[in-house]
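This report is meant to be read with the sequence and the 3D structure at hand. It goes from the whole chain to a few residues.

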Amino acid sequence: MIKLNSKLEEISKFVNIEDRVYDIGCDHGLLDIYLVKKLGIFVHAVDNKEGPLDSAKKNSKIYNVNNIVFEISNGLDKYNKENCVIMAGIGGLTCINIFKSHKEYIKNIDKIIVSANNFQIEVRKYFTSIGYKIEKEILVKDKKIIYEIEVFVKGKEIYNKKDYFFGPRLLENKNNLFNEYYDSKLKSKRIILKLMGNKYFFRRIKLNNEIKMIEEEI
Ligand SMILES: C[S@@+](CC[C@H](N)C(=O)[O-])C[C@H]1O[C@@H](n2cnc3c(N)ncnc32)[C@H](O)[C@@H]1O
């Protein structure tokens, strides 16, 4: 069986046997091959570059898996009614734009698994503004980097500023990794604040507020 890295392994646990998956940014395709082998489900895996897709196709031959559709596609361009969309290792604003440019598909997508590289607050705000709620949320450490993974499902839940900032499910289950993650964010925000000139008045206020929020939580 394929050995996935910790982030992809955790993502795979959010996929169920009844899901049909559309994986955006599949790269080497290992998550997709693993899902097909483990769950026997249909996976449609896309990437917007030929190089990663070629290696994904090679990997599927190595692991002798046929029932994956690997295609070149920018985001949801080749989407075909899969209920579960995965976006991992992509920038948060790209994840948002992918959905903004194909709002017509939202009615068919009941689960979105996101592990964005950045802009997690914006990701939470956007997906919860288009009819999803945050069902699950975890942190996972892989080779010294801590990643956030969010699972959005159809529904409505009210969130406050703190929920958007830290993640509502992460706040409910604070653990050592949560403290480590926000401790490192705190350190970098303090450094940025120190280096930021006084002319950036509003940005300094925003940073100061974020630092206070983190100090209160960890
Ligand atoms: C860092 S890799 C992540 C691979 C894997 N999903 C993971 O999390 O380990 C990001 C992949 O997303 C692809 N990508 C970036 N933007 C994309 C887009 N708009 N549509 C499709 N693929 C995209 C890149 O070509 C790259 O192969």
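**Whole chain**

The model is predicted. Its secondary structure consists of nine helices and seven strands. The radius of gyration is 18 Å, which agrees with the value near 17 Å that a compact globule of 218 residues would have. Along the principal axes, the C-alpha atoms fill a box of roughly 55 × 35 × 35 Å.

Of the 218 residues, 50% are buried. Among contacts with a separation of 6 or more, 67% are between residues 24 or more positions apart. The protein has an accessible surface of about 11600 Å², and carbon and sulfur atoms account for 51% of that surface.

**Arg 124**

Helix α5, which spans residues 120–129, contains Arg 124. This residue counts as buried because its relative accessible area is 0%, and the cut-off for buried is under 20%. The side chain of Arg 124 has a polar contact with the side chain of Glu 148 at 2.5 Å. The Arg 124 side chain also reaches the backbone oxygen of Tyr 164, at 2.8 Å. Beyond four places in sequence, Arg 124 touches residues that include Ile 134, Glu 137, Glu 150, Phe 152 and Asp 163. The list also includes Phe 165, Phe 166, Gly 167, Pro 168 and Leu 170.

**Glu 216 and Glu 217**

Helix α9, residues 201–217, holds Glu 216, and Glu 217 is found in helix α9 as well. Glu 216 counts as exposed because its relative accessibility is 66%, where exposed means over 50%. Glu 217 counts as buried because its relative accessibility is 13%, where buried means under 20%.

The C-alpha atom of Glu 216 is separated by 32 Å from that of Glu 9, a residue 207 residues away along the chain. The side chain of Glu 217 makes a polar contact with the side chain of Lys 162, at 3.2 Å. Setting aside neighbours within four places in sequence, Glu 217 is in contact with Lys 162, Phe 166, Leu 171, Lys 174 and Phe 178. Phe 166 is also among the residues that Arg 124 touches.

| Side chain of | Partner | Distance |
|---|---|---|
| Arg 124 | Glu 148, side chain | 2.5 Å |
| Glu 217 | Lys 162, side chain | 3.2 Å |

Conventions
Residues are numbered from 1 along each chain as its sequence is written. This is a predicted model: local features need pLDDT of at least 70, side-chain atom pairs count only at pLDDT 80 or more; totals for chains, interfaces and linings use all residues. Side-chain values use heavy atoms; hydrogens and water are left out. Helices (H or I, at least four residues) and strands (E, at least two) are DSSP runs, numbered from the N terminus. Buried means under 20% relative accessible area, exposed over 50%, partly exposed in between (1.4 Å probe, protein chains only). A polar contact is a pair of N or O atoms within 3.5 Å; within protein, one must be able to donate a hydrogen and the other to accept it, and residues adjacent in sequence count only if both atoms are side-chain atoms. Contact means heavy atoms within 4.5 Å. The radius of gyration is taken over C-alpha atoms; the globule rule is 2.2 Å times the number of residues to the power 0.38. Accessible areas come from the Shrake-Rupley method with a 1.4 Å probe; for residues, only the protein chains shown count as cover.
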